[in-house]
Amino acid sequence: MKKAILIIQCKDQKGIVARVSDFLFSYHGNILEIDQHVDQEIGMFFMRVSWELDSFALKKEEIEPVFEAKVAKVFDMEFDLFFNYRKPRMAIFVSKLSHCLIDILSRYYSGQFEVEIPLVISNHPDHKKVVEAFGIPFHYLPVEKANKEDAEERQLELLNEHRVDFVVLARYMQILSGEFIRNYPNKIINIHHSFLPAFVGAKPYHAAYERGVKIIGATAHYVTEELDAGPIIEQEVARVRHHNSPADLVQIGQDVEKVVLSKAIKYHLERKVLAYRNKTVIFY
């Protein structure tokens with residue numbers, strides 16, 4: 001089914017839902033999903049609505065200007081319009097750890113993600129055979145302190161060449177520069193364990209084991225210039241017990257990371273995430 005998705009934000013005012021619904025009704029739009037939220041602390045209104053296009057009286061290219069004139073200007077709205085029949089193009093960045101990468105590729109292969117993956121970029125050559133087995137080009141671009149700027153320039157060239165819409169960091173163990181991030185605002189999804197900042201370093205699960213933690217977890221978020229502090233998309237935790245070894249914690253943690261990252265990707269693909277003021281509204 002071809003459908004359109006409208007994401008709206010504006011100051012909270014009376015009549016917004018009625019005016020949007022009336023706009024769709026007046027052009028024979030059959031609403032499939034509608035959800036709204038008001039942040040009462042700041043007086044902001046947020047809405048996501050999707051509708052069938054087959055019976056809609058406006059052509060695709062007419063929807064945005066007509067909605068702007070008849071609805072958006074009235075309420076001083078910011079809005080984005082999407083169509084589901086064009087699959088977004090997602091690039092994956094990965095380093096040595098493979099669990100998130102393989103989980104994403106498996107979900108892609110089984111049809112769980114309505115997405116195109118035109119390339120995978122890595123600063124290590126380890127996963128070349130795995131990625132290419134799924135018919136996806138693999139680009140090995142080593143990143144060192146001396147060549148980081150050149151490497152990022154080449155990465156951006158590849159993303160532009162392949163018309164990439166958003167990027168997923170599937171345990172990519174490099175910090176992206178501000179310039180790189182500004183090219184993809186709220187379009188780079190990262191995953192990390194939720195021990196930050198308490199358990200930093202190369203072996204956070206081992207450090208957590210030494211402290212005798214009872215819960216471990218993971219956080220998926222959009223990347224900003226402030227490290228691991230971008231708008232949160234999804235989080236999950238798992239309980240651990242005293243008899244779990246460091247290896248057990250690593251396995252449990254990686255399982256949580258895979259699920260959390262896959263949920264974040266799916267929400268992004270379905271246009272269910274609205275980022276504002278360094279947090280998000282998730283339209284479930």
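A charge sits over a ring if NZ of Lys or CZ of Arg is within 6 Å of the ring centre and within 35 degrees of the ring normal. Here, lysine 2 lies over the face of tyrosine 85, at 5.1 Å from the ring centre. This is a predicted model, where local features need pLDDT of at least 70, side-chain atom pairs count only at pLDDT 80 or more, and totals for chains, interfaces and linings use all residues. Residues are numbered from 1 along each chain as its sequence is written, and side-chain values use heavy atoms, leaving out hydrogens and water.

**Nonpolar cores**
- A nonpolar core is a set of buried Ala, Val, Leu, Ile, Met, Phe, Trp, Tyr and Cys residues joined through side-chain atoms within 4.5 Å; buried means under 20% relative accessible area, exposed over 50%, partly exposed in between (1.4 Å probe, protein chains only).
- The largest such core has 33 residues, and Leu261 is among those with the most contacts inside it.
- Helix 8 gives the largest share of this core, seven residues (helices are DSSP runs of H or I, at least four residues, and strands of E, at least two, numbered from the N terminus).

**Aromatic pairs**
- Rings of Phe, Tyr and Trp (its six-membered ring) pair if their centres lie within 6.5 Å; planes under 30 degrees apart count as stacked, over 60 as edge-to-face and the rest as tilted.
- By this rule there are 13 aromatic pairs.
- Phenylalanine 46 and tyrosine 276 form a tilted pair, because their centres are 4.3 Å apart and their planes at 40°.
- Phenylalanine 46 is buried at 0% relative accessibility, and tyrosine 276 is buried at 9%.
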